[in-house]
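My entries follow in the order in which I looked.

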Amino acid sequence: MKRIVLFVLTNLAVVLVLGVVASLLGVNRHLTANGLNLSALLGFALIMGFGGATISLLISKPMAKWTTPGLRVIEQPQNADEAWIVGTVQKLAQKAGIGMPEVAIFEGEPNAFATGAFKNSALVAVSDGLLRGMTAEEIEAVIGHEVAHIANGDMVTMTLIQGVMNTFVVFLSRVIGYAVDSFLRKGDDRESSGPGIGYMVTTLVLDIVLGFVAAIIVAWFSRQREFRADAGSAQLLGRKQPMVNALARLGGMTPGELPKSVAAMGIAGGIGQLFSTHPPIEERIAALQNSQ
């Protein structure tokens with residue numbers, strides 16, 4: 001319940017901040033007496049589209065710490081296992097040419113994720129369920145997968161893609177909404193100081209419909225990113241088999257659910273073929289085995 005409340009409050013705060021910024025810049029007044037101001041609308045769409053995605057990226061690491069159950073950053077290893085995990089992340093980060101990420105363990109079924117706005121100040125976290133259910137070599141491969149996400153700049157890439165999609169949704173829904181409203185009001189001689197019901201209903205419906213289309217496109221990009229991270233792990237470890245074994249092991253487990261803020265960056269997850277952020281395990285294994 002605490003995670004849900006925090007997620008809702010964070011999103012409300014983001015929307016409020018973006019609304020204030022749009023108001024200060026004047027781009028929220030894109031509907032004028034003379035019609036639709038496309039330049040102002042584009043500015044509004046860019047702020048709402050990229051603004052939300054960018055803020056989400058910038059707060060991704062603290063949000064992961066706040067919302068992931070039982071997450072504990074390893075400041076100082078308390079036993080040999082923690083020392084090994086930190087040492088493995090450090091070794092792979094050096095190979096990948098990135099700064100040492102923070103390392104954390106969280107409670108739950110097998111899963112892992114990487115997050116953070118910058119390559120040199122990211123976070124890599126693994127669940128205690130994954131540590132119990134995998135061999136050391138398989139855990140190393142999973143960590144390599146997450147380090148590869150960071151080295152590939154996947155968090156930034158996904159933010160840019162999400163921002164572009166959000167911008168198109170906001171812009172197109174309002175342009176089409178205005179066109180529909182104008183058509184419905186054709187021949188109406190009464191003066192109007194604002195948008196009609198046609199604009200409001202069409203915009204609301206298209207925000208939802210186009211939002212689903214955008215989510216499908218973003219999920220497709222996310223799945224391609226997973227293939228690259230699998231290959232990146234194999235490259236960091238010097239061979240494919242550890243990652244193949246780790247994926248096969250995951251295929252026989254029930255992956256743990258991650259908070260929404262980091263779900264796309266996990267080692268496994270996603271529902272439905274079109275909306276899934278991760279390809280099927282079988283496809284990932286086949287792609288890795290067939291790669292050069």
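I count as a polar contact a pair of N or O atoms within 3.5 Å, where within protein one must be able to donate a hydrogen and the other to accept it, and residues adjacent in sequence count only if both atoms are side-chain atoms. This is a predicted model, in which local features need pLDDT of at least 70 and side-chain atom pairs count only at pLDDT 80 or more, while totals for chains, interfaces and linings use all residues. Residues are numbered from 1 along each chain as its sequence is written, and side-chain values use heavy atoms, with hydrogens and water left out.

**Histidine.** I found H149 in helix α6 (residues 136-151), where helices (H or I, at least four residues) and strands (E, at least two) are DSSP runs numbered from the N terminus. Because its relative accessibility is 0%, H149 counts as buried (under 20% relative accessible area, with exposed over 50% and partly exposed in between, for a 1.4 Å probe and protein chains only). The H149 side chain makes a polar contact with that of E226, at 3.1 Å.

**Whole protein.** I noted ten helices and six strands, and of the 292 residues 45% are buried.

**Sheet.** I traced an open sheet of four strands, in the order β3-β4-β6-β5 and with mixed pairing, taking two strands as paired if DSSP finds at least two bridges between them. Its edge strands, β3 (72-73) and β5 (112-115), each pair on one side only. Strand β3 runs antiparallel to β4 (residues 102-106) and is joined to it by two bridges; V73 has A104 in β4 as its bridge partner.
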